[in-house]
Amino acid sequence: QVQLVESGGGMVQTGDSLRLSCAVFRRTFGGYAMGWFRQAPRKEREFVAAINWSGQISYYSPSVKGRFTISTDNAKNTFYLQMSSLKPEDTGVYYCAVEPTPYTEFYFDAAARYTYWGQGTQVTVSS
């Protein structure tokens, strides 16, 4: 079993920064791929960023590349999404997700590949 607990959302203005955290609680050992997704009102959930177990490989949606950074601290069982230069179109509920995998180089950009999800945290960017 894996439980994810998110934190760090809030209401900010255009150009501000926020850091989201996702704490991973689990009873099994082994690596996992990690990802962040978001869902705006009346829109489908979309991929934001993903990272592999070692943190050496990351992948971003074109809409956030260069502004957002995903990272992981496996000693703390926590991974992060640092968001900078926020825009109103970044508004939405942000979800973290993990998928256990024995292949530590793997990461996934499709929501369907992830089994475990956080509860979501609201990010609102005002203009």
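Guide: A salt bridge is a side-chain nitrogen of Lys or Arg within 4 Å of a carboxyl oxygen of Asp or Glu. The model here is predicted, so local features need pLDDT of at least 70, side-chain atom pairs count only at pLDDT 80 or more, and totals for chains, interfaces and linings use all residues. Residues are numbered from 1 along each chain as its sequence is written, and side-chain values use heavy atoms, with hydrogens and water left out.

Visitor: How many salt bridges does a search of the whole structure find?

Guide: Side chains of opposite charge can pair when their charged atoms come close. The search of the whole structure gives 3 salt bridges.

Visitor: Which residues are linked in a network of salt bridges?

Guide: The network links Arg38, Glu46, Arg67 and Asp90. Glu46 meets Arg38 at 2.6 Å, N to O. Arg38 also pairs with Asp90, where the closest N and O atoms are 2.9 Å apart. Asp90 lies in the loop between strand 8 (78-83) and strand 9 (92-100), and Arg38 in strand 4 (residues 32-39), 52 residues apart. Strands are DSSP runs (E, at least two residues), numbered from the N terminus. Arg67 forms a salt bridge with Asp90 at 2.8 Å between the closest N and O atoms.

Visitor: Is Asp90 buried or exposed?

Guide: Buried means under 20% relative accessible area, exposed over 50%, partly exposed in between (1.4 Å probe, protein chains only). Asp90 has a relative accessible area of 0% and is buried. Arg38 is buried at 5%, and Arg67 is buried at 12%. Glu46, at 35%, is partly exposed.

Methods:
Helix = DSSP H or I, 4+ residues; strand = E, 2+ residues; numbered from the N terminus.
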